[in-house]
Amino acid sequence: MSPKAKLSLLEIEQEVEAQAREWHRQQLQKRLQQVAEEQGAICPLTGEPLQGACYEAVTLDTCAGTVTLRAHYGRHPKTRKWQHPIRLLWGLKPRQRLSPQLQDRVSYTAAETDSYERAAKMATKWGTPLAASTVHKHAQQMGREAAAQTKVREQHLLDGATQAQAIAPRPNGLEVFCLVVMMDGFMARERGPDWALKPPEAKGSRVEWHEVKAATIYRVDQVAEKASGRRQILQKFWVLAPTQTPPEEFGRAVHAEAIRRGMGKAQYVFVLADGAVWIWNLIEDRFASCLKGLDFYHASTHLWAIAHELFPEEAKAKAWVQPLLHQLKHGQEAGVLNLLEALPAQRQAAGLSLSQLLQRDLAYFQTHREHLHYQALAAKGSPIGTGAMESTCGQLQTRVKRTGQFWKPAGLANLLALKAALQNDDWLALWSRN
């Protein structure tokens, strides 16, 4: 063979890989055919022989390629329904072609990439050409399964522990750890009621923005420090509620997940959030006895707003606010609150009115006066900011707010359930019945 006719390393590797893949496919088909023959025309659920049994081809797309089996098909003597015993045995849905392992890979790829189209391209690259519509179908199917399992788990957890039990003091002799619960939300773009309205120039509600409610839960002992000095959470868990989920339902889900992650055994449970009213209402409902903190960044933003209202010149505003921020962070929050409470009388004595902005921000600090104990929280191991929650929202928005993405509510809900299952180590449970 001339040097020019020799195969390159890439070509040799591809050739051997193709041969190995075909061997794998043949062996898989042989093994599956054997199981189908052993099952015969017997219903795997009841053990009864089927009536009018005949053979039919069963085709499956697998990670090794497409396999075709010769399997029985017949009518159940009691239900009178026709069935493929082998499909029931393997937990396949009617007309399902993807094998559980391929479905696992496809769903995982869909959850970890930024679009169903990108997931389909990746599937083709790792040897299984699939249409984006097929990826979408199976990711949605498994998302529905993940959401259903989450509901069952949530009910079980809340039935097994009352709120008082969940926040009881840590029994002696157990592992000492602290739990952090953070909540927030971000906006997602959905199709409005007039999405398909024609002609294009006709006025209508084609696009609507709705909030996805989210929570991040982790143990303080799962926070590590990188060589650069930055902190990294080694393991954190998510609660993701579809758009238009009522706050009380979201609070129930967060409560259940917190119980699951050790809320009843933790030495301290820290709950942090920004100033959203709906979040603090559910905190008082579900986490009333926990240690609560207002995100320091949001508190500082409101303090800066007051500074700019009092002192239009940036230098004077900065000189006024920076000492207060230092005091707020280092255990002198009472002094900051006293200063803010005195502002209305001082403005009135100087003949100055109290603007709506000042009234709003002063009221904000009064509302959260018991959530500003940053030094005390930090001394117990709590973060004082919700950076971990912002990170979660950022990761999710990268997936659901890309150019050209306009979600149906159900489609977005299923994807969020799939991503939560992956994040919360519930992935294998999706295929536990297959």
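**Cavity.** I began with the residues that line the largest cavity of this predicted model. They are Ala-146, Gln-149, Thr-150, Arg-153, Ala-421, Asp-426 and Leu-430. By class, I recorded three nonpolar, two polar and two charged residues in this lining. Helix α5 is the main contributor, supplying four residues. The space inside the largest cavity comes to about 30 Å³. I then searched the whole structure and found one cavity of 30 Å³ or more.

I next looked up the largest pocket, which holds about 560 Å³ of space. Its lining comprises 25 residues, and those closest to the centre are Arg-87, Gly-91, Leu-92, Lys-93 and Pro-94. Helix α5 gives the most to the pocket lining, with four residues. I noted the classes in the pocket lining as 11 nonpolar, eight polar and six charged residues.

**His-138.** I stayed with helix α5, where His-138 is located.

**Strand β8.** I turned to β8, residues 236-241, and found six of its six residues buried. Lys-236, Trp-238 and Leu-240 point one way from the strand, whereas Phe-237, Val-239 and Ala-241 point the other way. I set beside this the general rule that side chains in a regular strand alternate between the two faces of the sheet. In β8 the residues pointing either way are all buried. I also looked up the pairing of β8 with β5 (residues 207-219): the two strands run antiparallel and are joined by six bridges. Within this pairing, Tyr-218 has Lys-236 of β8 as its bridge partner.

**Nonpolar cores.** I finished with the largest nonpolar core, which has 52 residues. Which residues touch the most other members of this core? They are Met-183 and Phe-287. Another core, of 45 residues, lies apart from the largest one, and its members include Leu-130, Ala-139, Met-142 and Leu-422. Returning to Met-183, I left aside its neighbours within four places in sequence and listed its contacts, among them Ala-214, Ala-215, Phe-250, Val-254, Leu-282, Phe-287 and Met-389.

Technical notes. Residues numbered from 1 in each chain as written. Predicted model: local features only at pLDDT ≥ 70, side-chain atom pairs only at ≥ 80, totals over all residues. Heavy atoms only, no water. 1 Å grid on protein atoms, 1.4 Å probe; cavity = no way out; pocket = protein on both sides within 12 Å on 5 of 7 lines; lining within 4 Å. Points joined across faces, edges and corners; volume = space filled by probe spheres on them. Nonpolar A, V, L, I, M, F, W, Y, C, P; charged D, E, K, R; others polar. Buried < 20%, exposed > 50% of the residue type's maximum accessible area, 1.4 Å probe, protein only. Pairing = 2+ DSSP bridges. Core = buried A, V, L, I, M, F, W, Y, C linked by side-chain atoms within 4.5 Å. Contact = heavy atoms within 4.5 Å.
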